[in-house]
Amino acid sequence: MIRLLLLDLDGTLTEDRNVTNLDIHAIESIRELQKTGIKVGLVSGNSYPVLRGLYTYLGLNGGLVAENGCIVFFKGEKHILCRKLEADIIQQFKITFGVKDTWQNEFRYCDFGFTPPKLTEEMVKWAKDRGLYIKSSGYAVHIAFEPAGKGIGVKKLIEFHNVDRKEVAAIGDSSTDIELFNEVGLKIAVGNADEELKKIADYITHDKSGKGVKEFITKLLEGVRLR
């Protein structure tokens, strides 16, 4: 029995990948799901203020994981799990690789994003030499001090809920959601997800992004077995 559903944001709860418009049909289905007592939360690489505002106005109730696992919000309390990333490291990365800040960097604390989102071997080596986590979400290259990644935040959020991981489902679209999938019992990839994510999913929706979220929630409400 699923008691908690965790949703990625960009490319999952939006109308498509690389767009920021939220899918209204997905939001409506989430509200119907919450009426049954199933909690719904967000897991994203987005900054905490952006995600917290969205979480509040959507009326969600399952907590959130921001900055790729580095910040967890649950029942009114914020928990920071990663070290603050110093300004000099951020500047070094930008100068060395000629990348630019994403618009949310002014709100970030631990995990910072840069464009273009292409991750190179040189970037990986640079990060490893400095004890940094580095990953491309397909939207930006993210760096943070290790340990980081969606998995550490999701693990903490599930612990706060006091539920078994088998009772948790997650929906995602990007290879960064592999870390999310590794911590839950039911793994759902939207139809336009990265192939790497689809390979480990229990179910792949026929529809893309937000419409795929609605598709899964509809099946969940109807009691359809997905694995």
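## Briefing: sheet, hairpins and helix packing

In strand E7, Thr-115 is the residue that Lys-100 stands opposite. The two strands concerned, E6 (residues 100-101) and E7 (residues 112-115), pair in the antiparallel sense over two bridges; pairing requires at least two DSSP bridges between two strands. The model is predicted, so that local features need pLDDT of at least 70 and side-chain atom pairs pLDDT 80 or more, while totals for chains, interfaces and linings use all residues. Residues are numbered from 1 along each chain as its sequence is written, and side-chain values use heavy atoms, without hydrogens and water. Helices (H or I, at least four residues) and strands (E, at least two) are DSSP runs numbered from the N terminus.

**The open sheet**

- Eight strands form an open sheet with mixed pairing, in the order E5-E4-E3-E2-E1-E10-E11-E12.
- Its edge strands are E5 and E12 (203-204), each of which pairs on one side only.
- Within this sheet, strand E1 (residues 4-7) and strand E10 (residues 168-172) are joined in the parallel sense over four bridges.
- In that pair, Leu-5 has Ala-169 of E10 opposite.
- Helix H2 (residues 48-58) packs on the sheet and touches strand E2 (39-43), E3, E4 and E5, where contact means heavy atoms within 4.5 Å.
- The direction of H2 makes about 155° with that of E3; axes are lines fitted to C-alpha atoms, for helices over the stretch in contact, and angles run from 0 to 180 degrees between N-to-C directions.
- Helix H5 (residues 150-161) also packs on the sheet, touching E1, E2, E3, E4, E5 and E10.
- The direction of H5 makes about 20° with that of E4.

- Strand E3 (residues 64-66) pairs with E4 in the antiparallel sense over three bridges, and Ala-66 stands opposite Ile-71.
- The hairpin of E3 and E4 has four residues between its strands, and Glu-67 there takes a positive phi near 50°.
- Strand E5 (residues 77-80) pairs with E4 in the antiparallel sense over four bridges, with Glu-77 as the bridge partner of Phe-74.
- The hairpin of E4 and E5 has two residues between its strands, and Lys-75 there takes a positive phi near 50°.

- His-142 in E9 is the bridge partner of Gly-113.

**Helices H3 and H4**

- The axes of H3 (residues 87-97) and H4 (residues 121-129) come within 12 Å and cross at roughly 155°.
- On the H3 side, Ile-89, Gln-92, Phe-93, Thr-96 and Phe-97 meet Glu-122, Met-123 and Trp-126 of H4.

- Gly-210 lies in helix H8 (residues 209-222) and counts as buried because its relative accessibility is 0%.
- Beyond residues up to four places away in sequence, Gly-210 touches Thr-12, Leu-13, Thr-14, Asp-23 and Ala-26.
- Gly-210 and Ser-47 are 163 residues apart in sequence, and their C-alpha atoms are 21 Å apart in space.
- Ser-175 is placed in the loop between E10 and helix H6 (178-181) and counts as buried, with a relative accessibility of 11%.
- Apart from neighbours within four places in sequence, Ser-175 is in contact with Lys-135, Ser-136, Asp-194 and Glu-196.
- Val-168 belongs to strand E10 and counts as buried at 0% relative accessibility.
- Not counting residues up to four places away in sequence, Val-168 touches Ile-2, Leu-4, Leu-6, Ile-158, Val-163, Val-184, Gly-185 and Leu-186.
- Val-168 and Lys-135 are 33 residues apart in sequence and 24 Å apart in space, C-alpha to C-alpha.

Notes: Buried < 20%, exposed > 50% of the residue type's maximum accessible area, 1.4 Å probe, protein only.
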